[in-house]
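I opened my notebook for a friendly walk through this one.

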Amino acid sequence: MERKKTRLNESEMKVMQITWNAGHPITGQQVLGQITEQYKGSWHPRTIYPLMRKLSEKGMIRDVGSARVGKVYARQFLPAISRPEYMALRIMETLPEAELPQFLSYFSY
């Protein structure tokens with residue numbers, strides 16, 4: 001079974017957390033605002049847009065159209081995979097395939 005590499009760096013993970021938590025389509029500007037608010041950092045738009053493009057290329061987020069924001073239109077994004085799916089993929093990447101059944105046995109009641 002071929003496994004897709006899904007490892008995200010810290011910045012990508014922050015963007016994904018905001019995208020997952022939003023529960024609706026979100027623009028890069030909204031992500032930037034949330035990062036500034038939640039993580040007390042000041043990211044520049046030139047930082048966030050390449051990150052979102054990279055996440056899109058990795059198949060983590062998808063473009064769902066655009067919305068008017070002020071006087072301009074902005075692309076909107078949704079997660080392409082759920083948080084549980086991402087965590088499952090990370091575990092599958094980390095554990096040898098032969099150990100997955102044993103790992104899953106710990107979730108039986």
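This is a predicted model: local features need pLDDT of at least 70, side-chain atom pairs count only at pLDDT 80 or more; totals for chains, interfaces and linings use all residues.

**Entry 1: two helices crossing**

The axes of helix α2 (residues 28-39) and α3 come within 10 Å, and they cross at roughly 115°. I noted the handedness too: α2 passes α3 in a right-handed crossing.

Which residues make the contact of α2 with α3? From α2 I listed G28, Q29, V31, L32 and I35, and they meet P45, I48, Y49 and M52 in α3.

I stayed a moment with I35, which has its place in helix α2. Is I35 buried or exposed? I35 counts as buried, because its relative accessibility is 1% and the cut-off for buried is under 20%. I also checked I35 against S11, which is 24 residues apart from it along the chain, and found their C-alpha atoms separated by 9.7 Å.

**Entry 2: the nonpolar core**

Next I turned to the largest nonpolar core, which has 20 residues. Which of its residues touch the most other members? They are V15, V31, I48 and M60. I asked which elements give two or more residues to this core, and they are α1, α2 and α3. The largest share, five residues, comes from α1. My general reminder here is that in soluble globular proteins, nonpolar side chains tend to be buried together.

V31 turned up in both lists, once in the contact of α2 with α3 and once in the core, and I looked up its partners. Leaving aside neighbours within four places in sequence, V31 is in contact with V15, I18, T19, I26, I48 and M52.

**Entry 3: salt bridges**

How many salt bridges does a search of the whole structure find? The search finds five, and I followed several of them up.

K54 and E12 meet through their side chains in a salt bridge, at 3.5 Å from N to O. This pair links distant parts of the chain, with K54 in helix α3 (residues 45-57) and E12 in helix α1 (residues 10-22), 42 residues apart. I compared the two ends: K54 is partly exposed, with a relative accessible area of 38%, whereas E12 counts as buried at 0% relative accessibility. I also found that E12, K54 and K58 are linked in a network of salt bridges.

R75 and D63 form another salt bridge through their side chains, at 2.9 Å from N to O. R75 lies in strand β3 (residues 72-79) and D63 in strand β2 (residues 61-69), so the pair ties together parts that are 12 residues apart in sequence. R75 is partly exposed, at a relative accessible area of 47%, and D63 counts as partly exposed at 40%.

Where do E93 and R90 lie? Both are in helix α4 (residues 83-94), three residues apart, which is about one turn of the helix. E93 counts as buried at 17% relative accessibility, and R90 counts as buried at 16%.

Terms used. Residues are numbered from 1 along each chain as its sequence is written. Side-chain values use heavy atoms; hydrogens and water are left out. A salt bridge is a side-chain nitrogen of Lys or Arg within 4 Å of a carboxyl oxygen of Asp or Glu. Helices (H or I, at least four residues) and strands (E, at least two) are DSSP runs, numbered from the N terminus. Buried means under 20% relative accessible area, exposed over 50%, partly exposed in between (1.4 Å probe, protein chains only). Axes are lines fitted to C-alpha atoms, for helices over the stretch in contact, and angles run from 0 to 180 degrees between N-to-C directions. A crossing is left-handed if the near helix is turned anticlockwise from the far one by less than a right angle, and right-handed if clockwise. Contact means heavy atoms within 4.5 Å. A nonpolar core is a set of buried Ala, Val, Leu, Ile, Met, Phe, Trp, Tyr and Cys residues joined through side-chain atoms within 4.5 Å.
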